[in-house]
Amino acid sequence: MEWLYGEHGDQVYQPGFLKEQTKAITAWCEEQGISLNAKAKTKLLDTKYWVKLRNLLATATQIMSDVGTDETDDFNAFRKAVNAAIKARKIKLGVTEKNAILNAVSWYDEKAKKVIAKKHKLTGADVADLTTHLGCAAEDLADFGWYRQTDGSYLTYESTSDLRDAESVPLKDSIHRYFLAEVKPHVEEAWINLDSVKIGYEISFNKYFYRHKPLRSLEEVTQDILALEEKADGLIADILGVEVATKLEPAE
């Protein structure tokens with residue numbers, strides 16, 4: 001899309017123009033080693049999609065004029081300011097569109113403040129239900145991503161997909177015990193996403209289904225090789241119309 005706009009400018013927004021460039025676009029993508037699936041190609045040639053992105057850029061520029069361009073390490077405050085600007089201008093944005101704007105001007109920084117997913121106000125009964133679901137005590141909720149605050153509420157944080165990891169825990173072991181022993185000492189801020197846990201079995205096909213077949217003896221292999229050589233000599237003789245003068249014999 002960047003190349004197309006650089007080549008043709010605002011012509012890309014004219015109805016039918018992109019369709020006319022199909023061959024040129026395909027050729028350029030092949031030269032660059034870019035492989036487009038059917039869905040991506042359809043979006044690339046869709047004028048309405050281009051116009052939608054242009055309008056989204058215009059909306060983002062309006063929001064920027066209200067929020068400013070100063071960098072901050074507090075994404076929570078930045079997101080709050082963006083939401084306030086959207087509300088003040090009465091802009092209608094879907095979740096996907098708003099996230100596209102936020103993601104375009106933000107990046108991961110391990111030194112930045114944690115990004116809050118949600119603040120939960122739980123009653124005693126809610127906490128009891130949560131601990132029952134997670135199979136832990138109330139003081140261990142942080143190991144499952146629920147962090148108690150001084151006002152009694154709980155915070156859950158956004159996770160970073162690039163930092164997610166999976167562990168294979170023995171079926172007879174406790175996930176929480178394994179986490180405390182094998183994960184927490186190395187990644188202090190890690191937590192267990194119990195809802196993503198899958199229980200299954202790892203079956204070793206070699207162990208249960210493989211049957212060893214003894215190798216043939218050297219004598220058997222030698223006889224097969226000699227027989228094949230003899231056949232090969234006979235085939236060559238037939239092709240050339242001559243007789244084979246010698247016959248291979250196994251060495252003693």
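Is D143 buried or exposed? At 7% relative accessibility, D143 counts as buried. Colleagues, I shall return to this residue after a word on the overall fold; please bear in mind that the model is predicted.

The chain holds eleven helices and three strands. Read from the N terminus, the order of elements is α-α-α-α-α-α-α-β-α-β-β-α-α-α. The radius of gyration is 34 Å, well over the 18 Å that the globule rule gives for 252 residues, so the chain is more spread out than a compact globule. The C-alpha trace spans about 100 × 65 × 30 Å along its principal axes, and buried residues make up 21% of the 252 residues.

Turning to charge, there are 33 positive and 41 negative side chains, with the centres of the two sets 13 Å apart. The count of salt bridges comes to seven, and I shall discuss some of them.

D143 meets K184 in a salt bridge, at 3.0 Å from N to O. This pair links distant parts of the chain: D143 sits in the loop between α8 and β2, and K184 in the loop between α9 and α10, 41 residues apart. K184, at 26% relative accessibility, counts as partly exposed.

E189 forms a salt bridge with K114, the closest N and O atoms being 3.4 Å apart. E189 lies in the loop between α9 and α10 and K114 in the loop between α7 and β1, so the pair ties together parts 75 residues apart in sequence. Here E189 counts as exposed, at 54%, and K114 as partly exposed, at 44%.

Finally, D66 pairs with R89 at 2.6 Å between the closest N and O atoms, joining helix α5 to the loop between α6 and α7.

Technical notes:
Residues are numbered from 1 along each chain as its sequence is written. This is a predicted model: local features need pLDDT of at least 70, side-chain atom pairs count only at pLDDT 80 or more; totals for chains, interfaces and linings use all residues. Side-chain values use heavy atoms; hydrogens and water are left out. Helices (H or I, at least four residues) and strands (E, at least two) are DSSP runs, numbered from the N terminus. The radius of gyration is taken over C-alpha atoms; the globule rule is 2.2 Å times the number of residues to the power 0.38. Buried means under 20% relative accessible area, exposed over 50%, partly exposed in between (1.4 Å probe, protein chains only). Lys and Arg count as positive and Asp and Glu as negative; His and the chain ends are not counted. The place of a charge is taken as NZ of Lys, CZ of Arg, CG of Asp or CD of Glu. A salt bridge is a side-chain nitrogen of Lys or Arg within 4 Å of a carboxyl oxygen of Asp or Glu.
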